[in-house]
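Reader: I am new to this structure and would like to go through some of its local features. Please show it first.

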Amino acid sequence: MDGLEWSVLEPLIDAGRAPNFQKLIERGVGGSIQTAVPTFSPVLWSTIATGFGPREHGILNFAEMGPGGQLGKPYTSNTRQVPAIWNMASEQDRRVLSTAWWVSWPAEKIQNGRIVASYAAQAQGRILWKSGVWADGLPDLAHPPSLMEEILPALQDGAPEGPLRSEFNGIFGSIPQEGAWDFPWQRDRLFRMAYHGDRTHHRIMLEQLAQEIGDLNMVYYGLPDVAGHYFWRYREPSAFSYFTPPEQTKRLGNRIDIVYELMDRWLGDLIDVVPPETNIMVLSDHGMHAFNLANPRQIQSGGHEAGPDGVFVLAGPAVQVTGLLPKESRRVTNIFQVAPALLHLLELPVPEDLPALVPEHIFSPEWIQNHAVQKGPSLRSEFRPATPPRVPGEGYDQEFIDSMRAIGYVGGDEEE
Ligand SMILES: [Zn+2]
């Protein structure tokens, strides 16, 4: 869950508004996870999936840099220089299901598993941010190829003008017609797209889990991050030195919290469909806070440039139960330890060249006694060589660059 932040989540848990998180933490550990800078999603989620830093995995930004420093083509799965957890697990006969992970398009042809890929998190290719879907799909969006047919109905329902539109309004409330407010409408439009994307991927994940639960099942949601970036000023207007109209804080001030409640419900959906003895990990790549405190023209009012810790929850038979750790000593792991931890949970050896070790302290002594941490040889040399970024279709990379400009990552700071 991209950008999930304790200072938002914890009060909701205390108020009984995140019951699934609460129950999960009570039977496991609720801690924080140290991130790394720069906090670009594709970089961090590739570190989480591989256990390596950007120098090794090769995903340095959203896109390759051109000779003049301009953004080139978005990174794609074939540009990754090291195996991801879905490669490592499937090569060693574990069944994998991965939905919408960053930099996973084109879907890699793994032996044991299903991948629903993400082209620059779909989003950046469409109207973008984080998620978003193409109603007709993309070539190589899913592996095995027959999976494409299965996910097509969900993709079509996820289209911008599809049925999710009224669902969105029911959850978040609609805002006045364009022109009635002095308000950059793209903030609402892009947030809607992210909802369509996440909701679609959640549906796909549940449908696929209903067919078969793998040994490793992973799904990415981008909405907490997107909501944080766009709506922080309305949730906490006192943190900003400029005036935010009360009419807007009234209508938009609860969007971040609603997203967190939604994440809690979706977490509940996932917990409901897996066996009770499943180990469940929830994590964010970084936390968030008020940002761009003095400039109301900036599209982003929540950010994570300084690299605040993210949320880390792990529960299940492997875990030493501590509940929610106190704020002062909450950090239990870092993003480099996620891949080793997952390999360990899959009872697979951890390659000796991974920079981080298994975070044994979060597992119970009994578990460790019965499941010794195994070391194994490097898996990098057997991995296919990296090749230049692919583009799903003509113009998709330009659409990506334009959208990066629209959300303020490229070029000027002004949002319109
Ligand atoms: Zn972000």
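Reader: Which loop holds Pro106?

Author: In this predicted model, the peptide bond from Trp105 to Pro106 is cis, with omega near -10°. β4 covers 96-99 and β5 covers 113-116. Pro106 lies in the loop between β4 and β5.

Reader: Which residue is joined to Pro38 by a cis peptide bond?

Author: Pro38 sits in the loop between β1 (28-34) and α3 (41-50). The cis bond there has an omega of about 0°. The residue joined to Pro38 is Val37.

Reader: Is Ala100 buried or exposed?

Author: Ala100 is found in the loop between β4 and β5. Its phi is positive, about 65°, although Ala100 is not a glycine. A residue with 20 or more other C-beta atoms within 10 Å of its own is buried. Ala100 has 28 C-beta neighbours inside 10 Å, so it counts as buried.

Reader: What is the phi of Asp140?

Author: Asp140 is found in the loop between β5 and β6 (142-143). Because it has 20 C-beta neighbours inside 10 Å, Asp140 counts as buried. Asp140 is not a glycine, yet its phi is positive, at about 60°.

Reader: Are α9 and α11 roughly parallel or antiparallel to each other?

Author: Helix α9 spans residues 223-235 and helix α11 spans residues 255-273. Their axes are 8 Å apart and meet at an angle of about 150°. Angles over 145 degrees count as roughly antiparallel. Therefore α9 and α11 are roughly antiparallel.

Reader: How many nonpolar residues are in the contact of α9 with α11?

Author: From α9, the contact is made by Leu223, Pro224, Ala227, Gly228, Phe231 and Arg235. From α11, Arg255, Ile256, Val259, Tyr260 and Met263 take part. By class, the contact has 2 charged residues, 1 polar residue and 8 nonpolar residues.

Reader: Which residues touch the most other members of the largest nonpolar core?

Author: The largest nonpolar core has 95 residues. Met263, which is also part of the contact between α9 and α11, is one of the residues asked for.

Reader: What does Val313 touch, not counting residues up to four places away in sequence?

Author: Leaving out residues up to four places away in sequence, Val313 touches Phe21, Leu24, Ile25, Gly28, Gly30 and Val282.

Definitions and conventions. Residues are numbered from 1 along each chain as its sequence is written. This is a predicted model: local features need pLDDT of at least 70, side-chain atom pairs count only at pLDDT 80 or more; totals for chains, interfaces and linings use all residues. Helices (H or I, at least four residues) and strands (E, at least two) are DSSP runs, numbered from the N terminus. A residue is buried if 20 or more other C-beta atoms lie within 10 Å of its own, exposed if 12 or fewer, and partly exposed in between; C-beta atoms are placed from the backbone. Axes are lines fitted to C-alpha atoms, for helices over the stretch in contact, and angles run from 0 to 180 degrees between N-to-C directions. Angles under 35 degrees count as roughly parallel, over 145 as roughly antiparallel, 65 to 115 as roughly perpendicular and the rest as oblique. Two residues are in contact if their C-beta atoms, placed from the backbone, lie within 7 Å. Ala, Val, Leu, Ile, Met, Phe, Trp, Tyr, Cys and Pro count as nonpolar, Asp, Glu, Lys and Arg as charged, and the others, Gly among them, as polar. A nonpolar core is a set of buried Ala, Val, Leu, Ile, Met, Phe, Trp, Tyr and Cys residues joined through C-beta atoms within 7 Å.
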